[in-house]
Amino acid sequence: MAAMTLTAGIPLLRPPNCTEEGKCVDPDGWQLAYLFISLAFISTGAGGIRPCNIAFGADQFDTNTKKGKSQLESFFDWWYFSFTIALMIALAGVVYVQTNISWVIGFSIPTACLALSITIFLIGRSTYVCRKPQGSVFLDLFKVITAAFCKRKINMKSADGYDCNKGAYYDPADDMEQDEALDSINDDSCRCLNKAALITHPSEIDSQGRAMDSWRLCSMKQVKILKSLARIFPVWIAGIGCFLVMDQQSTFGILQALQMDRSLGKHFTIPPAWMGITSMIALSIWIFIYEQIYIPLAKKFLKRDSRLTMQHRITVGIIMSILCMVAAGVLEIKRRSSALKRGSMNSPIHVAALLPQFALSGLTEAFAAVALMEYFTLKLPQTMRSVAGAIFFLSLSIASYLSYLIVNIMHAVTGAGGGTPWLGGRDLNRNKLDHYYFLVAVLGVGNLFYFTFYAKKFVVPTTGKCVEIGGGVKLEYACRSSVPN
C-alpha cells in the first residue's frame, strides 16, 4: 500500500495528466512495472492475511472446554462483522476521498491502517497461542495418495467385511493427539485410502515402530487428514452456489442502479457502488441481533444453547439466495418496462427499490458464508486451519469465474442466429437481464436440492461404535488393531 501511495504522490511514477479528452500519454514500461510490482505485493499480502487470520484467531480458543467452544462459534460471527464494517468504511469513506478529495490521502488511509495493524499485532505477540508447524500438510497428502496407489491391488475384504488378521493399521503413539475434526471421521469412508496405512509386512516398520518408507506406509492420522479434506468438498460446492448469487449484485445490481433514479434531494446523487453497502448493513444487523439479542434471550428462557446449526444456516442462506434472484428479476422487469414506456435510458423508479435484493444478498452471506467459514475451520484438523481459510476465499473466486462463464455462455447461446442476446452492451433496456436472474434462481433451486438430499449429510457426520475383537479394536465401519512389536 505504501508503494501504491507513492504512485499517487510522486508524478515521476505515473504518466502525465491528460491534456485534452482522448489525448493521453501512455505510461513508460518501468512505470507499469512499478505498478504491477506494487499490486503483486498487495495480492501476496492479502493471500497471507485472509486465510491465516481466521486460523490464527481460532487457535486462541480452548475448544476442550464448553466456554471455549462457545467463544469460538461467536468468533466467526464477529470476525465477519468486523470484516464487513471495514468494507463499508472503504466503500463509503475511502473511495469518496480518493475520487473527490485526493488520491494521495485516499491511499494513505489504508496504508496508515495497515501500519497500525502491524504495530498492534507485534505488541501482542507475546500473548498469542502459537502452534509450531510440524512438517508439510500438503506433502503428507501426496504421501497418502502415493502409498494407497502402490497398495491398490491389496484385497482388504473377506466374506464378513474387513479381515483384521491380514494386517494392522500404522498408528504411532505420537500421532494420537486428540483432534475433534479427525475423531469424527469414520474409517469406513473412502476405504481405498486406508490401504496407505496398512502394514502388509513387518519389514515396513523399524525397531522403534516407525515407518521405514513414509511414501509407502502412512499413519492413520495422515489418512484421516486427507479424508477430512475430501469430506468438505460436497459442502464446498454448495457454498460456491451461494457465492454465485452474491457476485451478481456486485456487478449487474450496480448496472441496474446506474439506470434508475438515484437522486436524494435536490443536490445529491447516490453513487451506484454505495448500493453494495446495503448488503453489508443487512449482514451486520443480523449478526448483531443474533449474537447480542437472540442467543442471550434463548439461553435465558430455554436454559440451553440455542445456536442455529451450520446445517440450518447454510439451508437458510441458499433459500435467501433464491429469493434474492427472484426479487432482482421481478424488479428488472418493472425497471425496464418503465424506462421503455418513458422512452429514456433511465427508469423513473427510484434506486431504493433495489434495497430488498441487496439486503437478501447480505443475508445470504450472513447465514451461508459465516456458516461455511465455521464449517471449513472446524471440520478440518487444526493443522489445516489456514488451508480452511484459503478454501473459503477460493470459493469466492471460483464463484466469480463461474459467473463470468455463465454470462459468456448465455451471451453466445441467446445471441446465436442473429437474435438479441440476454446480456451485452451498455443499455440494460435492450437486454433481458431478468431472464438471466431467473436462470440463476433455478440454479439456486438445484443447489438447494443438492445440499438437502446429498451435501447436508457431510455437515454432521455420524460416528461408529467400538467393540472388542481379539487383540484389537473393531469400529462399526472398519477394522483396526494395534501396531505389532
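A residue counts as buried when its relative accessible area is under 20%, as exposed when it is over 50%, and as partly exposed in between. The model shown here is predicted, and the points below apply these words to some of its residues.

**Aromatic pairs**

- A search of the whole structure finds 20 aromatic pairs, and among them is the pair of Phe56 and Tyr128, which is edge-to-face because the ring centres lie 5.2 Å apart with the planes at 80°.
- This pair links distant parts of the chain, since Phe56 belongs to helix H2 (residues 29-59) while Tyr128 sits in the loop between helix H4 (103-123) and helix H5 (137-150), 72 residues apart.
- Phe56 has a relative accessibility of 24% and therefore counts as partly exposed, and Tyr128, with a relative accessible area of 25%, is partly exposed.
- Tyr436 and Tyr437 form an aromatic pair that is tilted, with 6.4 Å from centre to centre and 40° between the planes.
- Tyr436 is buried because its relative accessible area is 0%, and Tyr437 is buried, with a relative accessible area of 0%.
- Trp79, Phe83, Phe243, Phe392 and Phe393 are linked into a cluster by ring pairs.

**Nonpolar surface**

- Ile281, Ile285, Phe288, Ile289, Ile293, Leu297, Phe301 and Leu302 make a nonpolar surface patch of about 740 Å².
- Ile289, one of the residues of this patch, is located in helix H10 (residues 275-302), and Ile289 counts as partly exposed because its relative accessibility is 34%.

Key:
Residues numbered from 1 in each chain as written. Predicted model: local features only at pLDDT ≥ 70, side-chain atom pairs only at ≥ 80, totals over all residues. Heavy atoms only, no water. Patch = residues over 30% accessible without salt bridge, like charges linked within 9 Å, V, L, I, M, F, W, Y side chains within 5 Å. Areas by Shrake-Rupley, 256 points an atom, 1.4 Å probe, with all protein chains shown as cover. Salt bridge = Lys/Arg side-chain N within 4 Å of Asp/Glu carboxyl O. Helix = DSSP H or I, 4+ residues; strand = E, 2+ residues; numbered from the N terminus. Buried < 20%, exposed > 50% of the residue type's maximum accessible area, 1.4 Å probe, protein only. Phe/Tyr/Trp six-rings, centres within 6.5 Å; stacked < 30°, edge-to-face > 60°.
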